[in-house]
Amino acid sequence: MYRIIVLLLVVTLFHVSQGFAATELLNVSYDPTRELYQEYNKAFTRYWKQKSGQDVTVKQSHGGSGKQARAVIDGLDADVVTLALAYDVDEIHNKAKLIPKEWQKRLPKNSSPYSSTIVFLVRKGNPKQIRDWNDLVRPGVSVITPNPKTSGGARWNYLAAWAYALKQKGGSEASAREFVGKLFRNVPVLDSGARGSTTTFVQRGQGDVLIAWENEAFLAVNELGRDRFEIVVPSLSILAEPPVTLVDKVVDRKGTRVVAQEYLKYLYSQEGQEIAARNYYRPSDRKVAGKYAKLFPKLKLVTVDQTFGGWTRAQKTHFADGGTFDQIYRPGR
Amino acid sequence: MRSNDMNRSRYPGAFSVQKAGALAEPLAVRLLLVGCTLFFLSLFLLMPLGALFSEALSKGWQEYRAALIEPDALSAMRLTLVTAVFCVPFNLFFGIVASWCTAKFTFPGKSLLVTLIDLPFSVSPVVSGLVYVLVFGLQGWLGPWLQAHDIKIIFAVPGIVLATVFVTFPFVARELIPLMEAQGREEEEAALTLGAGGLQTFFRVTLPNVKWGLLYGVILCNARAMGEFGAVSVVSGHVRGATNTVPLQVEILYNEYNFVAAFAVASLLALLALVSLALKTFTEWKLRQFQKGGA
């Protein structure tokens, strides 16, 4: 009996350790990119085999963007990170020095091979007549959005609402603050990640409108029924640039720098861009963007750099402890 | 039974009065009470269980089977089994040692030790996970040293096992301590005076006396080890096909709108719960019999 148990232990250990033996990349990403990278990983494995003759498997880890950055800081061996916003990647430099300070200059387009924006998802027929941001602060409209403290997507949502209020006639910091405060009083529940909020809205049927990533909204409509939801594009939104970078200390230790670099570069290729577009991310490549222009409605987009003076400042003013979000949002009111 | 007999002989009539009183509630009240119990039972236990299986099988057996043999699901099952295989024997050993020394001996700091054993019960699983991140994480105490020596604890299998061991720490010990205390030391002392050695006494006297309680503790420990979510979620890193246990895999599938697969994998956990429940009831029954026979 004892021998059998020991044998079992050895066999299982062997199996587990074997799982780590082949050339392998770990891509630590945020919530809504699951489907994108499932498709992209397959394409890249094929491409790399053709180009170098080597087999590579890409493993995925998904979660709230801030949480994922934290895991990398704490030692999750990510070869590349593909997160929701530059601030979370900055944290990997600030807290753990795993990447250089100038990481964002290493790849084109601020290291964002694709972009996205923030739109609304409403129930079929739009029963509450939601057309733009100012409809979200009407009394009796229930708004679903995740928690900006933990979710990258939620921070984009928050800043998009803030920018809208700011750009109205007579808009000021004070009026924006009041506007966003009013909006968050209409939020009954804050999930910790974007995908959690989508599930709350779509599966549990809570709320009249979901503020969501454009790709997440498309996915919800296509996966779960065109007859149940529709997308509303507001008059103004924010240009969301989810950045990618390789984690230098990890790839150098694992000896995977070359393949990791190629993994990110290939995101900018024709095929990579097409995959992004098919998964409802706005491609950065002009030609591919033109091909999929019908899919993505044109709207006025502001950027974090212009409107909020960059992510570090936006983070400090709005989302740090005691920042405007903490002042605005008091649960249960 | 025995105490009832005694009561009856000492106070003739007491038993029958009690019996009549207990059953004298009007029929309506009785029905109401039984109805309430059944209602809540079905509302909170049977209905979710039914929903789970009906959702899992909503697209037929083919899909159900496909969800279970999918590579990531299989890897999650393997990891969960590995975790239990390491965790249960460890806590079995630790539980026996801890309960043996606290129940059979007195020493200073004993009550502190017993309190410490209970600690994982009172700590939120998230905290249990985070302490390991703080100790073994790259920014933690041992993290840099571990990385320099290429040892992976956190975001790998060892971290998951450690967190699970912590969470399931008290199950065996908690089960054995009261049992061993109730049995006292007389039998061991008798064995020693008859010339048995320490180990012999332990294996021939102490262990047989607590075997059913021990099994009961092991079943609970195993059920929790396989079902733990919170602590494991913190230390896992959520790498698909590598560091996801079955409960984590369920969450992932659910978040991917893959409801059939999510519920199919969840149904495994539900089946595990049902099997544990059956085993638990059986050992409980054995335990009662054993105690009655021994008393």
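A salt bridge is taken here as a side-chain nitrogen of Lys or Arg within 4 Å of a carboxyl oxygen of Asp or Glu. By this rule the structure, a predicted model, holds 32 salt bridges over all chains. In one of them, the side chains of A:Glu35 and A:Arg195 come together at 3.4 Å, N to O. A:Glu35 belongs to helix 2 (residues 34–52) of chain A and A:Arg195 to helix 8 (residues 194–202) of chain A, so the pair links parts that are 160 residues apart in sequence. Helices (H or I, at least four residues) are DSSP runs, numbered from the N terminus, as are strands (E, at least two).

In this predicted model, local features need pLDDT of at least 70 and side-chain atom pairs count only at pLDDT 80 or more, while totals for chains, interfaces and linings use all residues. Residues are numbered from 1 along each chain as its sequence is written, chains are lettered from A and ligands numbered from 1 in the order in which they are written, and side-chain values use heavy atoms, with hydrogens and water left out.

Attention now turns to the place where the two chains meet. Contact (heavy atoms within 4.5 Å) involves 35 residues from chain A and 26 residues from chain B. Together the chains bury about 2,600 Å², with 62% of it on carbon and sulfur atoms; buried area is the accessible area (1.4 Å probe) that two parts lose on being put together, summed over both. On the chain B side, B:Phe155, B:Arg240 and B:Tyr257 lose the most area to chain A, together 26% of what that side buries.

Two salt bridges cross this interface. A:Asp77 and B:Lys152 form a salt bridge through their side chains, at 3.6 Å, N to O. Helix 5 (71–104) and helix 14 (246–255) of chain B are the elements that give two or more residues to the side of chain B touching chain A, and helix 5 of chain B gives the most, with four residues. That side comprises 14 nonpolar, seven polar and five charged residues, where Ala, Val, Leu, Ile, Met, Phe, Trp, Tyr, Cys and Pro count as nonpolar, Asp, Glu, Lys and Arg as charged, and the others, Gly among them, as polar.

Helix 5 and helix 14 of chain B also pack against each other, at an angle of about 150 degrees and with their axes 8 Å apart. Axes are lines fitted to C-alpha atoms, for helices over the stretch in contact, and angles run from 0 to 180 degrees between N-to-C directions. This makes helix 5 of chain B roughly antiparallel to helix 14 of chain B, a label for angles over 145 degrees, with under 35 counting as roughly parallel, 65 to 115 as roughly perpendicular and the rest as oblique. Here B:Asp72, B:Ala73, B:Ala76, B:Met77 and B:Thr80 of helix 5 meet B:Val246, B:Pro247 and B:Gln249 of helix 14.
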